[in-house]
Every structure is written in C-alpha cells, then in structure tokens.
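Please look over the structure below with its sequence to hand.

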Amino acid sequence: MSDAVMRPPIRQARVNDEMPLVRYALIGVAVLFLLLILFLPLVAVFAEAFRRGAGAYLNALTDPDTTAAIGLTLLVAFISVVFNIVVGVSAAWAIAKFHFRGKQFLITLINLPFSVSPVISGLVFVLLFGAGGLLGPWLQAHDIEIIFALPGIVLATIFVTFPFVTQQLVTLMQAQGTQEEECALSLGASGWRTFLFVTLPNIKWGLLYGVLLCNARAMGEFGAVAVVSGKIRGLTNTMPLQVEILYNEYNFVAAFAVASLLALLALVTLALKSFFEWRFADAIALGATR
Amino acid sequence: MSVAGGIIRQNQSVIPGFGITLGITVTALSLVVLIPLAALAFRAAGVGPAEFWRIATHPRTLAALRLSFGAAFIAAAVNAVFGLLVAWVLVRYRFPGKGILDAAIDLPIALPTAVAGIALAVIYAPNGWVGGGLAQLGIKVGYTPTAVVVALIFVGLPFVVRTVQPVLAESEKEIEEAAALLGASRLRTIFQVVLPLVSPALLTGFALAFARGIGEYGSVIFVAGNLPFVSEIAPLLIVIRLEEFDYGGAAVIATVMLALSFFLLMVISALQTRNRRRLGYV
C-alpha cells in the first residue's frame, strides 16, 4: 500500500494530526519495539554463526549430517508442496466453481490445522502409526515404517501446511467467478483445456504466492516434525531438528550456521512475499492468507 | 441461497470436474487431517473417564496448561497494545526505513521457530546479549516464565499488526476530522472514534496471537528453562509423555489443550459478533 494514495491531495487543516513531538515519540517507540523484538533475534543468528569466522561456519555446513539434513528438508518440502498444489487446486476448483451443501464447513475443516499446536499435529500421527498406536502392530507385522521415517515426517509437514495453498486459491478463485471458464467451455474447449489455458493463467501468481508461504513453513516446521522424526542423525533429521541437536550439544557455531541458512530462507521468502504483494496485488487476492 | 437452489445450480453448471476435485479434497483432508485428529480423540477416550480426569487435573498438567494459556494471554495483550501502535505508525506516518519495517513484520511467521528459539536463548540467557545487562539490574528473563512471554510476543506480533493495518488504512480520516471540528481533543478522537473502529480487528488479532501462543513450541523451549511446575509449557509436557511412551497421557493433555483453545476461540468469536452488532454493522 502506498502512502500517496491514502493522503489527501491538499493538506490544509491539520486538525487531526498529532503534534510533531507526539508523532516522533510514537514512531520512536514503535521502531525501538520492532528492533528489540524482531531484528535483534535475526542479528543474533548471523552474529553467532560467524562468531568463529567464516572457516568454522563453512566447516559446520559441510558436515555430512548437516548436508543430509539439508537434503531431507528439501525433499520433504518438495513432496509437501506438490501435494498441496494438487489438493489446493482441486479444493479451490470444487469450492469456487460450484455450489454445494456444507461448503462453509469444508472451508472451516481445511483451515483447522492453523489452530492445532504443532506438537499435536505430530502427536496424532504417532497415535495412529507409532509402535503403541492404533495401526502400529499391523504396520510392524508388515514391516512398514512410518513413524521415525520419511513418511511420518512428510505426513506431519503436510498436516501443518494443509491450509496455505488451498486458502489462498479458494479466496482468489471465488473472487474471479466462473464466467471465463463457462465461456471457454461453451466455445467447445474441454474441461482440462479450459483449466490449463483459462484458469491456470488467472491463478498462477496466487498459486505461486501460496506455494511460497507453504514452502517456508514446510522447510522450517519444527514441533510437528520433532515428534514424528525420532531425530536419527543423517537419516531423519531435518534442518530445524539438526539445529536443535547441535544446540543441545553446545555446538553453538554449527547450530547457528544451520539456523542462518533457515534465516536466509525466511528473508528470501519475505522479500519475494513483499514483491508479490506490491507487483501482483490484484492477481493474488491480497489479504487471503494471514 | 436455498439448499434446493444450490443443488439445481450445481447440476446445471457447464463446468466439469466437480466430483473428482471434491473427491480429491475430501479424501486428502480425511486422510491427513480428520482421521489423525479422530485418532487423538479415540486414544484420549480410550483411557477411561477416571484416568482421563486424573491426568487432566494432575498438578503438573495444570501447571503446564496454566503457563501456556497465561503466557499466551499476556503476550497477546502486549501485542494488542504494541501491535496497534506499530500498525498506526506504519499506516499514518512517513519515515525513512518504513518499507523495510513493514516487510519485516512477517518475520516471525517466516522464520522457523527453532531458529527464533535459539536466537532468543542467546539474547535473554543470564549471560546473553540483553539478559546479561538485565541480570545486573537483578531482572531474570531467560529460563523463567517471563522468557515464555517474550518468545510468544515475538511469535504473535504479526497477527495483530496484519489484522489491524488494513482496517486503519481504510478508515476514513473525514470521521476523525469531523470529531476534531466538533471540538473533540485529539486524544478523545483517538479513544472514542478510532479505537471503536479498529476494536473488532484488534480483537481478531488478539485471538489469533493468543491461539498461536497457546500451541507454540519451538521458539519457547530453548529459552524457557523447562522446569516442571515453573516454566514447562503444555506442548512440551506432551512431548515428554510421548518420550516416556505414555501415549494415553499425551493424548489426554493434547485433547484438553485443543478443547480449551477451541472453547476460547468460540468465546472470542461470540464477543466479536456482539461487538459488531453494538457498533451497528453485522
């Protein structure tokens, strides 16, 4: 949002402006608060990561367990994002293009994971698939590993990221209506062709925006993944879990080195997010995702 | 729209793919979200009412729940005040660096919680960046319940700012001008005109920050100290029970936590409806 738009063009009467002193004081307090709460932690991550110099930093990042964690994080995020694109587009198509009973209830259920604690998001899968869980004995008998293995990590990640893409696309496609699709279909295009050449171009920026937020959460998820992963070094450790293990071993430089990569991911995400909101405000249904 | 109208409309639509897209959605939602959550309720119910009550009212459970809900409440209240101030400053004033500050508001959502957690730990530990100075003044933050509040302030801030900001941006300055021209002081205008206007959004932001804080885990556990009965949050107690293979205990605490937070969200949403009606828009 730009300031120029909100300000009246001519500013004659200053009846409702604060006195300059009050204004500076308010700005000062707000900036100080943000510096202390938001920026200090960010600075701390990079300062601690480079405390022993660039050599130690690079050493920490090339440790085999750490590179394995990076690989696993990328793999889990990739699977979650692909899953969320398929389900998100499907859900948005069904919800935005059709009227049916219980639609609002369905939307509420889709957003449910937002209100569930990350730890509980992991716990539910342990209760279902863990050794003492409902399906645990059956899975063990058939030699299928879900908890303390990749499938559990992926499931927990999908659980916490479930609403991101869907919510974004539902809002956007509801705003866009059905006219363009109806037009294409009445001109003889197949449903699939209509989706590819009419709907997809209309939603591509919104979809990318949703994927951006979904990916950031998938790569950074800690609580849910911590519960299901078992934290086996080099095997089921994602980057956030690797941060925890290294930190608890007092290997602070290595912990903060891995953390700095995740912080960098957050900064890139924020920069792209701001760019999207500035450049494609109309094409992403701004305000849909909190 | 009537139900019958809805069904007719659906049948008449020329758009294909309703069955398959709704099918994919409901199947995915059931497999990943609904069935696992049902498993939680099933497991918690499986311990029996007496055992459920014993676990739910165990002093350690109660202490953890009290800390999680209490700290989340205080943090959300602090965020309501400072979040409103930040939103106000970002919407109404111009100053250098504003764009960066605005973009940075979402940092707590983008930054992985474990990263925030260890950063807060080196800042607020008794020998940390800020904690060291505070310790000399005799104030302990790191490894106390206060640290839980600090972590939850970090986590909840964007929810308040991002819900209040658009409402402030859209509020018409003419109303404030009218109040001023009618003789109201600036302070009175703020408290009697602006605040009522943003109060529904502020309450929503408070509720979102509160809900987020109750369940928060990663950013808290590194800096809280995790002393049972003192600085142990409810999500951590769930993890501890799981590590002891006490699945029933974990399920009961999780169920109580979920039920309490859903109840609170419902109360807040009811308050909101009343608030909106009182202000004249439904």
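## A residue of the core and its surroundings

Once its neighbours within four places in sequence are set aside, Leu123(A) is in contact with Val227(A), Leu40(B), Ile238(B), Leu242(B), Ala250(B) and Ala254(B), where two residues are in contact if their C-beta atoms, placed from the backbone, lie within 7 Å. This is a predicted model, in which local features need pLDDT of at least 70 and side-chain atom pairs count only at pLDDT 80 or more, while totals for chains, interfaces and linings use all residues. Residues are numbered from 1 along each chain as its sequence is written, and chains are lettered from A and ligands numbered from 1 in the order in which they are written.

- The largest nonpolar core has 169 residues, of which Leu123(A), Ala259(A), Val115(B), Ile118(B) and Leu120(B) touch the most other members; a nonpolar core is a set of buried Ala, Val, Leu, Ile, Met, Phe, Trp, Tyr and Cys residues joined through C-beta atoms within 7 Å.
- A residue is termed buried if 20 or more other C-beta atoms lie within 10 Å of its own, exposed if 12 or fewer, and partly exposed in between, with C-beta atoms placed from the backbone.
- Helix α7 of chain B covers residues 113-124, and its twelve residues reach 16 Å from the first C-alpha to the last, close to the 16 Å expected at 1.5 Å a residue; the expected span is 1.5 Å times one less than the number of residues in the helix.
- Twelve of the twelve residues of α7(B) are buried, including Val115(B), Ile118(B) and Leu120(B) as well as Thr113(B), Gly117(B) and Tyr124(B).

**Contact between the chains**

- Chain B brings 84 residues to the contact and chain A brings 82 residues.
- On the side of chain B that touches chain A, the largest share, 15 residues, comes from helix α2 (residues 18-46) of chain B.
- That side of chain B divides into 64 nonpolar, eleven polar and nine charged residues, where Ala, Val, Leu, Ile, Met, Phe, Trp, Tyr, Cys and Pro count as nonpolar, Asp, Glu, Lys and Arg as charged, and the others, Gly among them, as polar.

**Chain A**

- Chain A has 13 helices and zero strands, these being DSSP runs numbered from the N terminus (H or I of at least four residues for helices, E of at least two for strands).
- Its C-alpha atoms fill a box of roughly 70 × 60 × 30 Å along the principal axes, and buried residues make up 46% of the 290 residues in chain A.
- Among contacts in chain A between residues at least 6 apart in sequence, 75% join residues at least 24 apart.
- Chain A is divided into domain 1 (17-49) and domain 2 (53-284), with bounds that come from an automatic or database domain assignment.
- The C-alpha centres of domain 1 and domain 2 of chain A lie 31 Å apart, and five residues of domain 1 are in contact with eight residues of domain 2.
- On the side of domain 1 of chain A that touches domain 2 of chain A, the residues are four nonpolar, no polar and one charged.

**Phe148 of chain A**

- Phe148(A) lies in the loop between α7 (136-141) and α8 (150-176) of chain A, and it is partly exposed because 19 other C-beta atoms lie within 10 Å.
- Although Phe148(A) and Gly230(A) are 82 residues apart along the chain, their C-alpha atoms are separated by 4.7 Å.
- Not counting residues up to four places away in sequence, Phe148(A) touches Ser229(A), Gly230(A), Ile232(A) and Thr236(A).

**Chain B**

- Chain B has 14 helices and zero strands, and its C-alpha atoms fill a box of roughly 75 × 65 × 35 Å along the principal axes.
- Of the 282 residues of chain B, 45% count as buried.
- The domain assignment of chain B gives domain 1 (17-46) and domain 2 (49-279), and 30 Å separate their centres, taken over C-alpha atoms.

**Confidence**

- The mean pLDDT of chain B is 90, and 94% of its residues reach 70 or more; pLDDT is the predictor's confidence in each residue, from 0 to 100.
- Over residues 1-11 of chain B, pLDDT stays under 50, and the model has eleven contacts beyond four places in sequence for them.
- Where pLDDT is low, the predicted coordinates should not be read in detail.
- For the complex, the predictor gives an ipTM of 0.90 and a pTM of 0.90.
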